[in-house]
Amino acid sequence: PDTLRTLLNLGNAYRLSRDYTKAEQLILEAVEARRRNEGEDQFATLHTKTRLAELYLDMGRYAEAASLSLRVWEVRRKHRGETDAGTIDSLVQRARAAAGLGDHAAARQLAEQAFELRRAKFGSEAGPTREAADLLARVSVQSGRATQSSPSKP
């Protein structure tokens, strides 16, 4: 497990430095190892798949990111619930992927859902909620229906 964590961390470091070829190689290796060692739908495997979806978003490979983040979201939602932080993170990835694919209506709907869930879970001023508010503002502008970048408090 420590080796797999190191692979994933190194892959993420390459992703952050925009060396996507090396990042993908390492993260895919980590995903495959997690599948073999822990199972398809185990938490560690889902976490690793989430990092792969992030990489695909960064690379502009939105269809792959959308497919992967949908699968992770479905499993997390089933086993951990809609308000689990990881489940909400997958919802954010789905919104980003939909926006990248040009499906602005879906992106807006997913971003709104993520914002509301994060606001209920973390409060209006928390970093994850602000991040979701920013995403909602961006997809709203893209869809031609601009909203406030900081939605009002409940």
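What pattern does the protein follow, read along the sequence? The notes below start there.

1. **Basis.** This is a predicted model, in which local features need pLDDT of at least 70, side-chain atom pairs count only at pLDDT 80 or more, and totals for chains, interfaces and linings use all residues. Residues are numbered from 1 along each chain as its sequence is written, and side-chain values use heavy atoms, with hydrogens and water left out.

2. **Fold.** Along the sequence the pattern reads α-α-α-α-α-α-α. The secondary structure comes to seven helices and zero strands. Helices (H or I, at least four residues) and strands (E, at least two) are DSSP runs, numbered from the N terminus. The radius of gyration is 16 Å, close to the 15 Å that the globule rule gives for 154 residues, so the protein is as compact as a globular protein of that length. That radius is taken over C-alpha atoms, and the rule is 2.2 Å times the number of residues to the power 0.38.

3. **Extent and burial.** Taken along the principal axes, the C-alpha atoms fill a box of roughly 45 × 30 × 25 Å. Of the 154 residues, 41% are buried. Buried means under 20% relative accessible area, exposed means over 50%, and partly exposed is in between (1.4 Å probe, protein chains only).

4. **Largest pocket.** Its volume is about 280 Å³. The lining has 17 residues; Thr 50, Arg 51, Glu 54, Asp 89 and Arg 118 lie nearest the centre. On a 1 Å grid over the protein atoms alone, a pocket is an open set of points where a 1.4 Å probe fits, with protein on both sides within 12 Å along at least five of seven lines; lining residues have an atom within 4 Å of a point. Grid points are joined across faces, edges and corners, and the volume is the space filled by probe spheres set on the points.

5. **Who lines the pocket?** Helix H3 (43–59), helix H5 (85–100) and helix H7 (127–142) each supply at least two lining residues. H5 gives the largest share, six residues. By class, the lining has four nonpolar, five polar and eight charged residues. Ala, Val, Leu, Ile, Met, Phe, Trp, Tyr, Cys and Pro count as nonpolar, Asp, Glu, Lys and Arg as charged, and the others, Gly among them, as polar.

6. **Rings.** The charged end of Arg 94 sits over the ring of Trp 73, 4.4 Å from its centre. The test asks for NZ of Lys or CZ of Arg within 6 Å of the ring centre and within 35 degrees of the ring normal. Aromatic pairs come to zero. Rings of Phe, Tyr and Trp (its six-membered ring) pair if their centres lie within 6.5 Å.

7. **Arg 18.** This residue is in the loop between helix H1 (2–16) and helix H2 (20–38). Arg 18 has a positive phi of about 65 degrees, although it is not a glycine. Its relative accessibility is 64%, so Arg 18 counts as exposed.

8. Leu 46 is in helix H3 and counts as buried, at 5% relative accessibility. Met 59 is also found in helix H3, but counts as partly exposed at 26%. Met 59 and Asp 134 are 75 residues apart in sequence and 21 Å apart in space, C-alpha to C-alpha.

9. **Ala 66.** This residue is in helix H4 (residues 62–80). Ala 66 is partly exposed, with a relative accessible area of 22%. Ala 66 and Leu 91 are 25 residues apart in sequence; C-alpha to C-alpha, they are 10.0 Å apart in space.

Key: Rings of Phe, Tyr and Trp (its six-membered ring) pair if their centres lie within 6.5 Å; planes under 30 degrees apart count as stacked, over 60 as edge-to-face and the rest as tilted.
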